[in-house]
Amino acid sequence: MASGSATDGRGAGGPAAAGGPVAPAVVAVRGAVLALAVFATSALGFAVPHFGGRLHLLLLPSGIAVAALVRWGRGLWPAVLLAELGFELWAGTRLVPALVIAAGLPAGAFATAWLLERHRFDRGFSHARDVPVFLAATLLGMAVTSIIGNLGFLIGPAAPGAEALDYLRWWSNTAAGVLLLGPPLLALDAAALERLRAAPVRALLYGATVLALTAALLLVKPQPDLAPGVRSPFLVVSLVLIVVGVVRFGLVTGATTTLLLSAGAALAFAFDRGLMTGLPEIEGLVLLWSYTGATTAFGLIVTALLAERDAAAAERL
């Protein structure tokens, strides 16, 4: 394989020796799964306006791409490129701009995975330093995606130039995708689900509460003058649920809670429903990005602090 060979170790894309060499057939299957997932989520997010939404929700592909390149190796970047190129051509983009735009996500995902490996990131977020490393690598890597992707709009005699807001929107959307999908996909393994299996009743009650809160976000439509006062308690309840999920069931459950709640907020904003009703586009996007960033960072910080506490207790013993 190319640089960043696949590994099943806990580090970020370390040498293949950490988990043994990977068979070419396995690499091919992983590449096919990755390409299919990136293409499908891109097409699904692009189709939101066709169902009545007011904007495209291209959030998930970046999280899938980064998680795959960290867990399976940076050598899988061609699968991301092929998926993005296929999507751009399917969406009607001309070949040359499509090639430039498609290069953005694999370049940004590769840069993010490289930065995580260089700074010895642990994909289980078992150290406090893993949180700022993950956040910084995500923001820097997705800036690469935004810059390269927007260059595609500068190609061609009739192509409109990209404005500063376009770069910010592209960067924010791709970074939000990594923040939402990265932690649960990176930390997911059999041990991460053991707490759920050990307490099935509590797990079901917790899951029902998360789903109920997500439904309330989509269905509760307060009066316009009361909406700001309702959103703040909703954020507090969301943070409490995430802390409960992390403390009782681990990072994967807490991160999945963040993903569900943020997806509900994104859909509510896109379709102008629930607590996001009546928000202008810029104000709504800023609120959505802030909510996603706050809940994600909060859950990761709690995870890292608990891991540091457990490590210190084990060292004393």
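Arg-74 forms a salt bridge with Glu-117, and their closest N and O atoms lie 2.2 Å apart. A salt bridge here is a side-chain nitrogen of Lys or Arg within 4 Å of a carboxyl oxygen of Asp or Glu. The pair links distant parts of the chain, 43 residues apart: Arg-74 sits in the loop between helix 2 (60–72) and helix 3, and Glu-117 in helix 4. Arg-74 counts as buried at 6% relative accessibility, while Glu-117 is partly exposed at 29%. Buried means under 20% relative accessible area, exposed over 50%, and partly exposed in between (1.4 Å probe, protein chains only).

This is a predicted model, in which local features need pLDDT of at least 70 and side-chain atom pairs count only at pLDDT 80 or more, whereas totals for chains, interfaces and linings use all residues. Residues are numbered from 1 along each chain as its sequence is written, and side-chain values use heavy atoms, with hydrogens and water left out.

The whole structure holds 2 salt bridges. Another salt bridge joins the side chains of Arg-197 and Glu-194 (2.7 Å, N to O). These two residues are separated by about one helical turn, because they stand 3 residues apart in helix 7 (residues 194–198). Glu-194 is partly exposed, with a relative accessible area of 42%.

The protein chain as a whole has 11 helices and 0 strands. Helices (H or I, at least four residues) and strands (E, at least two) are DSSP runs, numbered from the N terminus. Of the chain's 317 residues, 46% count as buried.

On the surface, Leu-89, Leu-95, Val-96 and Leu-99 form a nonpolar patch with about 350 Å² of accessible area together. Patches are made of residues with over 30% relative accessible area and no salt bridge; like charges are joined within 9 Å, and nonpolar side chains (Val, Leu, Ile, Met, Phe, Trp, Tyr) within 5 Å. Accessible areas come from the Shrake-Rupley method with a 1.4 Å probe, and for residues only the protein chains shown count as cover. Helix 4 (residues 95–118) gives the most to this patch, 3 residues. Leu-89 belongs to helix 3 (residues 77–90) and is partly exposed, at 40%.
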